[in-house]
Amino acid sequence: MKKIRTTHAEQVVPLKRIEGQIRGIQKMIEQGDYCVDILTQLHAVIGAMKHVETNVFKKHLQGCVAGAIKGKSEKETRQKVDEVIALLARFKKG
């Protein structure tokens with residue numbers, strides 16, 4: 001199956017922001033900051049990561065999966081659909 005390449009370059013900026021947030025949380029822990037403040041920052045990072053995850057998944061559906069569905073290969077379409085189903089099942093476990 002030919003893989004369609006999708007770029008996710010626009011996700012670098014939010015990932016760098018998340019990286020900075022993680023360093024900030026490490027510093028908070030080292031300084032012995034209040035638990036609730038640390039948890040609040042952790043929750044913000046989790047939300048930001050979910051946002052990046054959603055954007056990457058959306059692009060996969062709009063690019064890679066849609067391209068396979070529009071293609072002429074029924075086998076490739078079936079493989080992409082199965083791939084998405086397996087991915088969603090893996091996400092559900094997490």
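Start where H2 meets H3: on the H2 side of this predicted model, the contact is made by Glu53, Phe57, His60, Leu61, Cys64, Val65, Ala68 and Ile69. Facing them from H3 are Glu76, Thr77, Lys80, Glu83, Val84, Leu87, Leu88 and Phe91. Sort this contact by class and you get 10 nonpolar, two polar and four charged residues.

How do these two helices lie against each other? Two packed helices are described by the angle between their axes and the distance between the axes. Here, H2 packs with H3, which covers residues 74-93, at an angle of about 160°, and their axes are 8 Å apart. An angle over 145° counts as roughly antiparallel, so H2 and H3 get that label. The crossing of H2 past H3 is left-handed.

One residue from that contact is worth a second look. Cys64 sits among the H2 residues that meet H3, and its relative accessible area is 7%. Buried means under 20%, so Cys64 is buried. Now take Cys35, where the relative accessibility is 55%. The cut-off for exposed is over 50%, so Cys35 counts as exposed. If you're wondering how many disulfides the structure holds, the count is zero.

Next, go to the other partner of H2. Helix H1 takes in residues 12-31 and H2 runs over residues 35-70; their axes come within 10 Å and cross at roughly 160°. That is again over the 145° cut-off, and therefore H1 and H2 are roughly antiparallel to each other. H1 passes H2 in a left-handed crossing.

Which residues make this contact? From H1 come Pro14, Leu15, Ile18, Gln21, Ile22, Ile25, Met28 and Ile29. H2 answers with Asp37, Ile38, Gln41, Leu42, Ala44, Val45, Ala48, Met49 and Val52. Counted by class, the contact of H1 with H2 has 14 nonpolar residues, along with two polar and one charged. Asp37 is one of the residues H2 brings to it, and Asp counts as charged.

Finally, look at Lys70, which belongs to helix H2. Is Lys70 buried or exposed? Its relative accessible area is 73%, so Lys70 is exposed.

Definitions and conventions. Residues are numbered from 1 along each chain as its sequence is written. This is a predicted model: local features need pLDDT of at least 70, side-chain atom pairs count only at pLDDT 80 or more; totals for chains, interfaces and linings use all residues. Side-chain values use heavy atoms; hydrogens and water are left out. Axes are lines fitted to C-alpha atoms, for helices over the stretch in contact, and angles run from 0 to 180 degrees between N-to-C directions. Helices (H or I, at least four residues) and strands (E, at least two) are DSSP runs, numbered from the N terminus. Angles under 35 degrees count as roughly parallel, over 145 as roughly antiparallel, 65 to 115 as roughly perpendicular and the rest as oblique. A crossing is left-handed if the near helix is turned anticlockwise from the far one by less than a right angle, and right-handed if clockwise. Contact means heavy atoms within 4.5 Å. A disulfide is a pair of cysteine sulfur atoms within 2.5 Å. Buried means under 20% relative accessible area, exposed over 50%, partly exposed in between (1.4 Å probe, protein chains only).
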